[in-house]
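Let's take a walk through a protein model, one piece at a time. Keep the picture open beside you and find each spot as we get to it.

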Amino acid sequence: MVAYRVGETLNVQPVEAFFQDFYYPGLLGAIWKGERPMPSVKVKEQLPPEILVVSPKSGETTEGKVRFEVVVKDQGGGIQKPTITVNGVGVGVKEKPVTSEKEVRWSFDLPLANGENQVVIRSATADGQIACESQPVTLHYAQALENPPRLFVLTVGVSDYSAGSTFDLQCAAADAQALAGAFETNGKRFYGEEGVFVKTLTEQEVTKEKIQSAVQEIAGKARPEDVFVFSLAGHGSTVGQLYYYYPVDFPFEEDHQPVDSVIRENGIGGDILNDWINSVPAMKRIVIYDTCQSEAALKRSAMEERKAMELLSKMTGCFTIAAASGKEAALELPDMGHGVLTYALLGGLGAAERGLLKDRSAASDDGLIRVRDWLGFAQDNVGKLSELSFGKEQRAIFQAGANNFPILKK
């Protein structure tokens with residue numbers, strides 16, 4: 001219900017339009033401490049672009065794929081690359097927008113999920129300060145499913161980095177393998193023998209090219225009604241408002257922490273990860289960032305870390321959980337053979353082989369493990385386990401997506 005009038009015109013924008021540059025996690029707490037944090041940029045007196053969906057119009061459809069015609073007009077502030085969401089979930093399409101003077105035209109084919117599909121096109125001024133979105137187009141696609149939903153899982157983990165032992169981890173590769181194994185074993189009870197597709201990349205396999213190839217393989221098979229789980233374990237950090245994952249060949253230097261320029265050049269940025277994730281047609285998505293941070297990254301603001309993760313979740317519409325925020329690295333439990341987050345996630349799936357979470361799960365009374373309950377279970381137990389094991393609380397960051405849905409059955 002909060003909106004702002006920008007400049008001296010009747011340019012009224014909802015508060016959500018200013019999220020990227022002006023959102024400050026923990027603002028109220030900072031104010032109570034006597035701090036007065038201020039934004040690093042000023043709101044410019046400019047209009048965001050105007051977005052018009054020429055076709056189709058809202059209504060019923062019998063087509064599983066619908067052609068969209070979209071025009072984005074520059075109102076003085078420039079145009080940022082437009083994006084698509086369906087029911088709050090980011091969607092990628094093959095067709096690219098065509099830019100001409102003062103406008104962008106975009107024609108694309110959009111696959112629909114069974115039921116209601118609320119489609120929104122988003123863009124922003126060229127500097128990203130003021131966002132905007134189209135009027136939603138709601139398409140009802142009523143079609144009996146020929147095949148039941150399926151589960152696609154991609155887990156990635158690096159423990160042994162090419163740069164040397166200084167930056168190696170104990171559990172990241174094992175975390176990727178264990179999470180994949182839990183879904184492969186337990187998933188068949190819910191999705192059927194032929195309904196579970198699991199791929200794991202560990203150690204020397206964890207390159208940008210191989211991760212992208214694995215996502216593309218899933219994107220070529222998945223349908224809108226399917227579930228996609230994507231997990232990254234290893235090193236990662238935040239630069240500015242963008243998260244970066246470190247592949248196995250990240251150029252760590254002995255006794256030197258990576259500077260921002262090295263991270264930007266060699267890490268896999270959140271913008272790239274978002275494009276990969278959005279290319280997968282599955283509308284039910286879960287992304288797990290079980291990543292430790294280098295010493296340099298730990299010097300960054302906790303607010304930067306949290307905001308970067310929230311931006312990742314916001315851009316994809318995924319359910320997202322990250323191992324840690326702030327100035328402490330994600331902790332590992334060598335006795336359990338896993339990082340704290342992965343161990344808590346395995347516990348929520350009823351797959352912890354030993355320890356405090358053995359014989360536990362996030363299942364409801366009906367036996368179903370729903371994504372919101374599962375990730376909430378993990379978030380709660382990450383804090384409890386870290387406090388008990390290390391005397392300090394690791395706070396996992398959990399961002400909920402658009403719709404709760406079951407992922408497994410106990």
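We'll go through some helices, then a few loops, and then some single residues in strands.

First, some ground rules: this is a predicted model, so local features need pLDDT of at least 70 and side-chain atom pairs count only at pLDDT 80 or more, while totals for chains, interfaces and linings use all residues. Residues are numbered from 1 along each chain as its sequence is written, and side-chain values use heavy atoms, with hydrogens and water left out.

Start with helix α3, which covers residues 172-191. (Helices are DSSP runs of H or I with at least four residues, strands are runs of E with at least two, and both are numbered from the N terminus.) α3 has 20 residues, and from its first C-alpha to its last it reaches 27 Å, close to the 28 Å expected at 1.5 Å a residue. That expected span is 1.5 Å times one less than the number of residues in the helix. Now look along α3 to Thr-185, where the helix bends by about 30 degrees. The bend here is the angle between two axes, one fitted to the seven residues ending at that spot and one to the seven starting there.

Which residues of α3 are buried? Among them are Ala-172, Asp-175, Leu-179, Phe-183, Asn-186 and Tyr-191. In these pages, buried means under 20% relative accessible area, exposed means over 50%, and partly exposed is in between, using a 1.4 Å probe and protein chains only. After α3 comes Gly-192, with a positive phi near 90 degrees.

Next, hop over to helix α10, residues 371-390. α10 has 20 residues and reaches 28 Å from its first C-alpha to its last, close to the 28 Å expected at 1.5 Å a residue. Its buried residues include Trp-374, Leu-375, Phe-377, Asn-381 and Ser-386. Just after α10 you'll find Gly-391, which takes a positive phi of about 75 degrees.

Helix α9, residues 340-348, goes together with α10 in this story. Two packed helices are described by the angle between their axes and the distance between the axes. For α9 and α10, the axes come within 8 Å and cross at roughly 130 degrees. That makes α9 oblique to α10: under 35 degrees counts as roughly parallel, over 145 as roughly antiparallel, 65 to 115 as roughly perpendicular, and the rest as oblique. The axes are lines fitted to C-alpha atoms, for helices over the stretch in contact, and the angles run from 0 to 180 degrees between N-to-C directions.

How many residues of α9 are buried? Nine of the nine are, so α9 is largely enclosed by the rest of the structure. Among them are Val-340, Tyr-343, Leu-346 and Gly-348. α9 is followed by Gly-350, whose phi is positive, near 75 degrees.

Time for some loops. In the loop between α9 and β22 (368-370) sits Asp-359. Asp-359 is not a glycine, yet its phi is positive, about 65 degrees. At 71% relative accessibility, Asp-359 counts as exposed. Lys-102, in the loop between β8 (98-100) and β9 (103-111), is another residue other than glycine with a positive phi, near 70 degrees. Is Lys-102 buried or exposed? With a relative accessible area of 53%, Lys-102 is exposed.

Let's finish with the strands. Thr-291 belongs to β18, residues 284-292, and is buried at 7% relative accessible area. Tyr-243 belongs to β16, residues 242-245, and is buried too, at 1%. A polar contact of 3.1 Å joins the side chains of Tyr-243 and Thr-291. (A polar contact is a pair of N or O atoms within 3.5 Å; within protein, one must be able to donate a hydrogen and the other to accept it, and residues adjacent in sequence count only if both atoms are side-chain atoms.) Ala-233, in strand β15 (residues 227-239), counts as buried at 2% relative accessibility. Ala-233 and Val-156 are 77 residues apart in sequence, and their C-alpha atoms are 6.0 Å apart in space.
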